[in-house]
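Dear colleague,

Please find below the sequence and structure that I am handing over to you. My notes on the pockets and the surface follow.

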Amino acid sequence: MQSAEQVDSRRVVEELKELAGLTGGPEGARRVAWTDEWVRARDWLKGKLEDIDGVEVERDEAGNLWATAPGDSEKAVLLGGHIDSVPNGGWLDGALNTVAALEVMRVLAPQQRPVTLRLVDWADEEGARFGRSLFGSSATANVLDPDEVRGLKDRDGVALPDALSEHGVDLDRMNESHKQLENAVAYLELHIEQGPVLERMDFPLGVVLGTFGVERHAVRFTGQHAHSGSTPMDVRRDAFIAAARSAIEFRDDAGRRDDVRATTGFVNVSPAIVTAFNGWCEMSLDQRALDAEVLADMLKVARENSERVAEEEGCSVEWERLWRIEPILFNDELIGLAEEAVNEVAGKSHRLPSGPLHDAASMAPLMPTVMLFVKSLRGLSHTKDEDTPEEDLELSVQALHRLAVSTIDWAGK
Ligand SMILES: [Zn+2]
């Protein structure tokens, strides 16, 4: 199809500011899902979508908002985003994708297209109130187990099913929204990077290869605590030292590899007093990589290192898995189209993995999926200081438009 018609990328920046004014303040965005301000943001978006000729707007059983611009066939290309935010969040996380997709709908809805174009505003991507991220998109992907989340409560003790029903959503029927994906053939999502990579490389835009797989463990060292005065250095079984040496091994192993992460988050020791060294130490290890084999090898090496260090320190070590998720790879052909789109508008493009999960991770197992990233200043996100230069935001809207056009052509073949 023709892409002669251009998007008004300036309007997207203005509308993002309008949304920030409507549902944000000096402390940042306040569009927490299943709250009044989220509804206000949603109504704002819905009104703008309904103003586009030929676009049908509806809400599904999971509370996701859909806008459909029918094409020659029912096969549909989806543009996704989430207008919800964390408390005191930034003005761009999720909102950029949604408002950019709105602009792309404005331009492409009136044009004849071989396939249908749909926008989806996912409900509760952030999980800020009840702690379950990718909530709406998981339901639509049919991977949300209602019983797993039924008992969740917010900070005020409100139960999740009650908050949902206040917003017209029945937890036990959320997965029925899966039928929205019946004719979907591709999923595209633009997002701020939320990290420092593109800024450091001086690239406005990048193409996302997929989302990291995660291996998350508690690693527990046991030695024997004893008096800090009476115990000579060479007979100590200091569990903290074993843990600390292991943490450095974990970090160094990750540093020797390409684009992976290893993080020690929490550290607990016992007895944790000044007059004894610690006979027990527990810490977390969170490992991330885009390649499943690399991730498995990182875990194997980390275990071996911890066992060797523990032995040298006269301790034992135990591992307990806290959580894991497989890497999710995006579609090669769409990655190619995304790279062309980014090169056309920015003159250069960088391929990178995503550390955070996104709704695209819910869609990727079901259909060809790709994401575009735009630079985040100082890598900051989930804070009111989150920002991206306006000229780069405009480039990102233009790139999403071009990618939508080429994906529609690709899907029409
Ligand atoms: Zn987001």
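Strand S15 (316-325) and helix H11 (359-363) each contribute at least two residues to the lining of the largest pocket. Please bear in mind that this is a predicted model.

The volume of the largest pocket is about 590 Å³. Its lining comprises 23 residues, and those nearest the centre are Ser 133, Leu 134, Trp 323, Ile 325 and Leu 357. Sorted by class, this lining holds eleven nonpolar, eight polar and four charged residues.

The second largest pocket has a volume of about 280 Å³. Lining it are 17 residues, with Phe 212, Arg 261, Ser 354, Gly 355 and Pro 356 lying nearest its centre. At least two lining residues come from each of strand S11 (261-263), strand S14 (280-289) and strand S17 (350-354). S17 provides the largest share of the lining of the second largest pocket, namely three residues. The classes in this lining are seven nonpolar, five polar and five charged residues.

Phe 240 is located in helix H8 (residues 239-256).

With kind regards

Conventions
Residues numbered from 1 in each chain as written. Predicted model: local features only at pLDDT ≥ 70, side-chain atom pairs only at ≥ 80, totals over all residues. Heavy atoms only, no water. 1 Å grid on protein atoms, 1.4 Å probe; cavity = no way out; pocket = protein on both sides within 12 Å on 5 of 7 lines; lining within 4 Å. Points joined across faces, edges and corners; volume = space filled by probe spheres on them. Helix = DSSP H or I, 4+ residues; strand = E, 2+ residues; numbered from the N terminus. Nonpolar A, V, L, I, M, F, W, Y, C, P; charged D, E, K, R; others polar.
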